[in-house]
Amino acid sequence: MDRARRDATPATPALEMEPEAFRRLGHELVDTIADFLESVPRRPAAPDVSPRAVRKRIESERTLPEAGSDPGALLRETAPLLFEGCRLNGHPRSWGYIIGTPAPLGILADFLAAAVNPNLTAWASSPVPSEIEAQTIRWLAAFLGYPETCGGLLVSGGNMANFVGLLCARRAKAGWDLRRDGLAAPQAKPLTLYASAEVHTWLHKAADLFGLGTGAIREVPCDDGQRLRLDALVSMIEADRAAGARPFLVIGSAGTVSTGAVDPLPEIAAIAREHDLWFHVDGAYGAPAVAAHRVPAELAGLREADSLAVDGHKWLYQPLEAGCVLVRDAAALPATFAYRPAYYHDPVDPAEAPLNYYQLGPQNSRCFRALKLWLGLRCAGAAGYRAMIERDIETAEALAGAVAAEPELELATRNLSIATFRFVPEGLDAGAAEAAGYLNALNQALLTRVLKSGEAFLSNAVIGGRFVLRACITNFRTQAADIAALPEIVTRHGRALDAEMRPAALR
Ligand SMILES: *Cc1c(COP(=O)(O)O)cnc(C)c1O
């Protein structure tokens, strides 16, 4: 193969591959991947690697090669690098942050999409993929109980989906021609927006990037359950309006990123209507749970949102990237994003209302993200999805139960599929002045130790100043035995650390 390649006519482009070679390497790679997927449960959930070790492993100092290399050899070298050098979010004990187990069908869908490589910009450049994306949006809306007449599109992730919602809100509610005159228009008022103190940092990025400034954000205090306080929301809106600002947007979380708390969405919707604000719901984590049993009733309020962010690569189990935004009034998307360049020739009859995605969102060229979600929805069906989501919630309940049953573990929260808890060693004088600081330091060190062990992948939350460990189950591979193993893993490392770390004053 090497020789054949080198001896090929010099005119063969360096990246060209003969169909037979593609077939052979493709089969070989699929075999390698299948072996990898089968091996995941036996591998560490998270690798214990340092930046220095990784740089050494990939020889990061190496200069750009002048001469090319054999593609088969490159794939054979690269696959194990990735298998050994990443947190494995398809691992049964992958519970950190919020990351969906990637459906194997989704992996194949991304491969297929890359092979055809459609560009979902203008309808005419990818007719079938454009219609598949539209159908995916409708089906997703149907699954969530959101109006199927909504507009929407796939974007990179939750951040971008939320950005799109915010931009639609700003255009619709500014009260002047913001697209033309910008934020410095003579008639412009300071725009203010409202979200609970538990909102994801996408909002700070968006306020900064889109010129509002983070000072435009009103962080509404939360109740004891990490939910937005309605009385505080109303008084903040009224105070801003009295001071000459223009409140334009309120954001509700359908499952906060830290603890999975669900804001009182129906009540927020009513306040938004009453005060003429756009109501956006960040459902990047929790929106899919609205289709499940035994979830907080407030979740159904996401159906009243003007725009809604969902994340296909979280609780819809697709490989990255698969963010999605739904917008109640489909016309709000072109009203916010459409420009028509002179160099686009559209051969499609406008009477058929072709979906030109470049006019519906921030991107121009776009990959076929919808395919994996479309195939996933068809493969599992709504019932299959509901069953997986319900099982995740039950698994989180089981985890919370296992934690509560362990005397040295203290359960802090359990909402949707997220449980938080901490290690409180036996014999610690919890009332002592130094105890709170010590428990935080101990649990931080404990999280590092658990991650380094590779026995499970957890993350953390900070609740009322307490550093807690956090497990989020968006993982159809997690088994009862994985959950049952967790208390022993945490207490074993916790006791060892406590023996090393506990200050004399707390003994
Ligand atoms: C994950 C998450 C986001 C950001 O989504 P990305 O896909 O990481 O961009 C935003 N909001 C919430 C509630 C999330 O859980």
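**Labels and the values behind them**

Modeller: Gladly! Let me begin with helix H10, where Ala 232, Leu 233, Ile 237 and Asp 240 are buried. This is a predicted model, in which local features need pLDDT of at least 70, side-chain atom pairs count only at pLDDT 80 or more, and totals for chains, interfaces and linings use all residues. Residues are numbered from 1 along each chain as its sequence is written, and side-chain values use heavy atoms, with hydrogens and water left out.

Biologist: How do you know that the buried residues of H10 line one face of the helix?

Modeller: Looking down the axis of H10, the buried residues fall within an arc of 130 degrees, so they line one face. The arc is taken from the directions that run from the helix axis to the C-beta atoms. As background, an α-helix has 3.6 residues a turn, so residues three or four places apart point the same way.

Biologist: What covers the buried residues of H10?

Modeller: The cover includes strands S2 (191-196), S3 (217-220) and S4 (246-253), along with helix H11 (265-274). Helices (H or I, at least four residues) and strands (E, at least two) are DSSP runs, numbered from the N terminus.

Biologist: What span does H10 reach, and what is expected?

Modeller: H10 covers residues 230-242, 13 residues in all, and reaches 18 Å from its first C-alpha to its last, close to the 18 Å expected. The expected span is 1.5 Å times one less than the number of residues. Just after H10, Gly 244 takes a positive phi of about 95 degrees.

Biologist: Why is His 313 called buried?

Modeller: His 313 has a relative accessible area of 9%, so it counts as buried (buried means under 20%, exposed over 50%, partly exposed in between, with a 1.4 Å probe and protein chains only). His 313 is in the loop between strand S6 (307-311) and strand S7 (323-327).

Biologist: Which polar contacts does the side chain of His 313 make?

Modeller: The side chain of His 313 meets the side chain of Asp 311 at 3.1 Å, and one of its polar atoms lies 3.1 Å from the backbone nitrogen of Ala 322. A polar contact is a pair of N or O atoms within 3.5 Å; within protein, one must be able to donate a hydrogen and the other to accept it, and residues adjacent in sequence count only if both atoms are side-chain atoms. Both distances therefore pass the cut-off.

Biologist: Where do polar side-chain atoms of Asp 282, Asp 311 and His 313 lie relative to the ligand?

Modeller: Asp 282 has one 2.7 Å from a nitrogen atom of the ligand. For oxygen atoms of the ligand, the distances are 2.6 Å from Asp 311 and 2.8 Å from His 313. Taken alone the ligand exposes 380 Å², and the protein buries 84% of that (Shrake-Rupley areas with a 1.4 Å probe; for residues, only the protein chains shown count as cover).

Biologist: Is Ser 126 buried or exposed?

Modeller: Ser 126 has 2% relative accessibility, so it counts as buried. Ser 126 sits in the loop between helix H5 (104-116) and helix H6 (127-144), and its side chain reaches the backbone oxygen of Asn 119 at 3.0 Å.

Biologist: And what makes Asn 364 partly exposed?

Modeller: Asn 364 has 41% relative accessibility, so it counts as partly exposed. Asn 364 lies in the loop between helix H12 (332-337) and helix H13 (370-404).

Definitions and conventions: Contact means heavy atoms within 4.5 Å.
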